[in-house]
Amino acid sequence: MGGKKEYNVAYITGITLVATLGGLLFGYDTAVISGAEKGLEAFFLQATDFQYNKVLHGITSSSALIGCVIGGALSGFFATRFGRRDSLRFASVLFFLSALGSSYPEFLFFQKGIPTLDLLVTFNLYRVLGGIGVGLASAVIPMYIAEIAPSQIRGTLVSCNQFAIIFGMLVVYFVNYMILGDHTNPVIDKDPVTGMMFVDPASDPWTIATGWRRMFLSEAFPAALFGIMLFLVPKTPRYLVMVDQEDKALAVLTKVNGVSKAKEILSEIKATSKEKTEKLFAYGVAVVIIGIMLSVFQQAIGINAVLYYAPRIFESAGAEGGGMMQTVIMGIVNIVFTVVAIFTVDKLGRKPLLIVVSIGMAVGAFSVAICDHLGLKGIVPVLSIIVYAAFFMMSWGPVCWVLISEIFPNTIRGKAIAIAVAFQWIFNYIVSSTFPPLYDFSPMVAYGLYGTICILAALFVWKWVPETKGKTLEDMSRLWRKKEEDTESNTEEN
């Protein structure tokens, strides 16, 4: 070996950076609503042909997640039929079109600045379009990185995608903050007699007419960059083997791992590359259920309710300045803890991080609930929210994606990831769309519920999830095959 590196660090780093631009857009697209939602609410409250309310606002703020469910569900088909890389190219187009349409939903069909029910539907369709891109990217990016990365650093590299997601959120928090500038978010009040929401006449008209549009438009720039950069990266070796392009697969593996190691990996891939014909439950039901439950718990613990409505939550907790600055601070803290996860996931393992830090999340969530019950405002509830989010970024944020990308056998990975990610976005939508009325009813109930689910998540991981640290993707195929054979053997004995 002569002291040579076992893999080409520069090459694999370049590929990962390009792929994780999609993660940045994932975070950007899902969190842009946090700064825009108040101006958007005030805009549609001015409609005369229908009454905009909290339920409609919860649906509108979360409408991109409907697209995420669709994109996640279709990701297996796209990844298998068109390949991992070309699926990401399609996602970049959807990001770009959604950014333009969400900022100017009146294009071609409506008069600008006149809110109507039809315009609300059109706006939501543009957000759904972007959501399809997010759902597609959320499933395919970890798959793409995992299928190219050497097993020794796979967890770290897939975790980089979570870093990119959180960095995208931080970027958009800061962009929203800069766009808002000296302007202020509108003040929305409730009529004590009718219970109907209305915009305070003293509210800043610029925020209602223009601010939210510029926030959505800002996503078009990173979306275009992502699409261009995807022309510089290869298809994954495992996909190339699936479509009978072994020479190209070997060329990519050689660039990543060197000649001798590339041939060894190629032979392993060929031995397990039946993705087009293998049945979903070929390795038993357990592996698919575990993947689905990882996705469900990642969302059911309530993190995206915080990320999507951060300024509103911080303002309610007593933060100064409308909560926008505290949201930026939370974004920075989230980045730091995501970096901690990146440097520990391949050392400490997946299970210890998830179990221990789930307890930390529960402490943060229960603290917020207690503060609400006692009527405490200011630094304690604000810090509790930040602690809750920071612990997520150190555990369920990156580690769940790592596990989903590597836990499934090669032969069912595309289909199984598609199902797991679809469930992830379904529960993301459930949590995010129910949060506004639930929080309006009682913040204590909302955070008490999320804290309880954190405890259940820790118990699930401890009991059911296998450790995947240091195992090749082919090792996972053998592990689940053995478990299925053992199950069948036990069944026959009984």
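This is a predicted model: local features need pLDDT of at least 70, side-chain atom pairs count only at pLDDT 80 or more; totals for chains, interfaces and linings use all residues.
The axis of a helix is a line fitted to its C-alpha atoms, here over the stretch in contact, and the angle between two axes runs from 0 to 180 degrees between N-to-C directions.

**First stop: α18 and α19**

Select residues 396-407, which form helix α18, together with residues 413-441, which form helix α19. Their axes come within 9 Å and cross at roughly 150 degrees. Angles over 145 degrees count as roughly antiparallel, and therefore α18 is roughly antiparallel to α19.

Next, display the side chains where the two helices meet. On α18, select C400, W401, I404 and S405; on α19, select R413, I417, V421 and Q424. By class, this contact comprises five nonpolar, two polar and one charged residues.

Move to helix α3, residues 63-81. α3 has 19 residues and reaches 27 Å from its first C-alpha to its last, close to the 27 Å expected at 1.5 Å a residue. Select L74, where α3 bends by about 40 degrees.

The crossing of α3 past α4 is right-handed.

Which residues of α3 and α4 meet here? F78, A79 and T80 in α3 meet R84, S87 and F90 in α4. By class, this contact has three nonpolar, two polar and one charged residues.

Terms used:
Residues are numbered from 1 along each chain as its sequence is written. Side-chain values use heavy atoms; hydrogens and water are left out. Helices (H or I, at least four residues) and strands (E, at least two) are DSSP runs, numbered from the N terminus. Angles under 35 degrees count as roughly parallel, over 145 as roughly antiparallel, 65 to 115 as roughly perpendicular and the rest as oblique. Contact means heavy atoms within 4.5 Å. Ala, Val, Leu, Ile, Met, Phe, Trp, Tyr, Cys and Pro count as nonpolar, Asp, Glu, Lys and Arg as charged, and the others, Gly among them, as polar. A crossing is left-handed if the near helix is turned anticlockwise from the far one by less than a right angle, and right-handed if clockwise. The expected span of a helix is 1.5 Å times one less than its number of residues. The bend at a residue is the angle between axes fitted to the seven residues ending there and the seven starting there.
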